[in-house]
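Keep the viewer open as you read.

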Number of protein chains: 2
Amino acid sequence: MAVMPIKRLAIIGVGLIGGSLARALKRAGTVGEVVGCGRNAADLQKGVELGVIDRYSTEPAQAVAGADMVLVATPVGSMRSIFEKIAAHLDSDAIVTDAGSVKASVISDARAVLGGTFARFVPGHPIAGTEQSGIAASFADLYVDHRVILTPVADTGEGPCKAVQAMWEGAGAYVEIMTPEAHDEILAYTSHLPHMVAYALVDCLARAEPTTELLRFAAGGFRDITRIASSSAVMWRDIALANDAALLKSLEAYRDSIDAVMNAIRDGDGAALESLFERARQTRESLIAAKGKRAGG
Amino acid sequence: MAVMPIKRLAIIGVGLIGGSLARALKRAGTVGEVVGCGRNAADLQKGVELGVIDRYSTEPAQAVAGADMVLVATPVGSMRSIFEKIAAHLDSDAIVTDAGSVKASVISDARAVLGGTFARFVPGHPIAGTEQSGIAASFADLYVDHRVILTPVADTGEGPCKAVQAMWEGAGAYVEIMTPEAHDEILAYTSHLPHMVAYALVDCLARAEPTTELLRFAAGGFRDITRIASSSAVMWRDIALANDAALLKSLEAYRDSIDAVMNAIRDGDGAALESLFERARQTRESLIAAKGKRAGG
């Protein structure tokens, strides 16, 4: 689709996600000015020096003034208060989108607070990121060949939705549309649950005695499996609470799998263990294989 | 310590572990001949062509004839039958060691079967490996700067223990001595538990509906956390059964951590979630930091 350049993009929460979008759009030449907003002026100043943003404000209301596109990329637990702060200061045709990892709760917050602007709010979630965070970790290629999910609802305007899609495509991503409920359930299994699993695994080691001795022996496999436990605690606290129902459902299913492993070990049931391990191994191999033939944007 | 070169090394089970040791010792010039043994002649022939082994036999009794050092590197569930097959065919001063991920059960098998040779059996475990397996995946650097744990018992001779230590040091590893019980408990937490966690996570996704749709969205974090679920199902079946008591203890502790996460989500207890996630994050960071200042061999 024809890309309508953004004149002024305001990013509330300029970390890895927002910073990388700014870098990508600047490189693509599809954005005029980028205004950053956050709580830490020193970080934002660094963003200016790195050329990620052009200027900044620590006040969301000021940052969105005159912007035709606003991206809210804060932890999902802060979004409602951000929406409250900006609602009265948005341009009359400004489009608002977000980068939250949970969609139903963010939509509910936006609907409650944004008033007439809700029709120009396009719920979104770029499926990209590393365990790194912060503006200094941002890079222009983060979204290249990555998926961005948009979850418009009945009230969402078609024009705003297409504009947000074009923005992400300009950053190299391909966009997929689904319902907020489908998004939240899929992400519960494929992203939120793995994070809980990794946090719990490190937690259990941290509670064992003597932890220091154990850590000394934690080999490569342990470091890999717990990499995502280095992610921001606040961000994941918010995600866990915002997607509580779907996440608890996936955690229950996961605990059934852990129980199946424990029961097989207790019973000395080698056939059950081997069949569970082998099915898991094959499922993961098919996941790696499928990665190569992903559907186009 | 002075390295006494090995004249003839017999390796029963020439996969990643045995093949990489052969490559490392050949490169270091601390081995004369390497004789491979396995069930698949085609694989062994490939090992000869790759220069990993010099010749092979599919019969353990033949493979160990005339060897002064024997490494048993099969899944731990097969070791007892290997010991039975070789016991009567070992040279009178041959040293036997193993590479099993569990030590108490292997020691018990060796004690029951090896007879007089038990004093020359040195239980060992190289803490190295990838999710790859097979002789083709072997490489000479696998053990460089990696830890090998030896777990001699009261009956284990000092000379054999020193010879096995020298062998691993010749491959670039540093050797640590501990009791079999300490080994099995530490490895339960830092290696065996993480594998169960990864297998269970993929299993739970494989049981969900529709799995294909879910797999399509499994992002980088999911692939990382489940990497070790691509490991050999037979090998991990054997480990889980051989280290059942320590592994069940660590799985109980792990389930407590999962329950703590689930309870906090159910209660909407953001403070509890954030504190658990943050403690896990810091513990993992200290693990990464500790990696740099590892104690020397």
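Predicted model: local features only at pLDDT ≥ 70, side-chain atom pairs only at ≥ 80, totals over all residues.

## Strand pairing in chain B

Two strands pair if DSSP finds at least two bridges between them. Strand E1 (residues 6-12) of chain B and strand E2 (residues 31-37) of chain B run parallel and are joined by six bridges. One place to look is B:Ile12, whose bridge partner in E2(B) is B:Cys37.

Helix H2 (residues 41-49) of chain B packs on the sheet and touches E2 and E3 of chain B. The direction of H2 makes about 165 degrees with that of E3(B). The sheet itself is open and has six strands in the order E3-E2-E1-E4-E5-E6 (chain B), with parallel pairing. Strand E3 (55-57) and strand E6 (121-122) of chain B each have a single partner strand, so one side of each is left without a neighbour in the sheet.

## A three-stranded sheet in chain A

Now switch to chain A, where three strands form an open sheet in the order E7-E8-E9 and the pairing is mixed. At its edges are strand E7 (124-126) and strand E9 (174-177) of chain A, each pairing on one side only. On average, and with direction ignored, neighbouring strands of this sheet are turned by 20 degrees against each other.

E7(A) runs antiparallel to strand E8 (residues 147-150) of chain A, and three bridges join them. In E8(A), A:Val148 is the bridge partner of A:Pro126.

## Where the two chains meet

How do the H11 helices of chains A and B cross? The axes of helix H11 (residues 244-266) of chain A and helix H11 (residues 244-266) of chain B come within 11 Å and cross at roughly 165 degrees. That angle is why H11(A) is roughly antiparallel to H11(B). The crossing of H11(A) past H11(B) is left-handed.

Residues making this contact include A:Leu247, A:Leu251, A:Arg255 and A:Ile258 of H11(A), along with B:Leu247, B:Leu251, B:Arg255 and B:Ile258 of H11(B). The residues of the contact divide into 12 nonpolar, no polar and six charged.

The same surface serves both copies, as 100% of the contact residues of chain A recur in chain B.

Methods. Residues numbered from 1 in each chain as written. Chains lettered and ligands numbered in written order. Axes fitted to C-alpha atoms, helices over the stretch in contact; angles between N-to-C directions. Helix = DSSP H or I, 4+ residues; strand = E, 2+ residues; numbered from the N terminus. Parallel < 35°, antiparallel > 145°, perpendicular 65-115°, else oblique. Left-handed = near helix turned anticlockwise from the far one by under 90°. Contact = placed C-beta atoms within 7 Å. Nonpolar A, V, L, I, M, F, W, Y, C, P; charged D, E, K, R; others polar.
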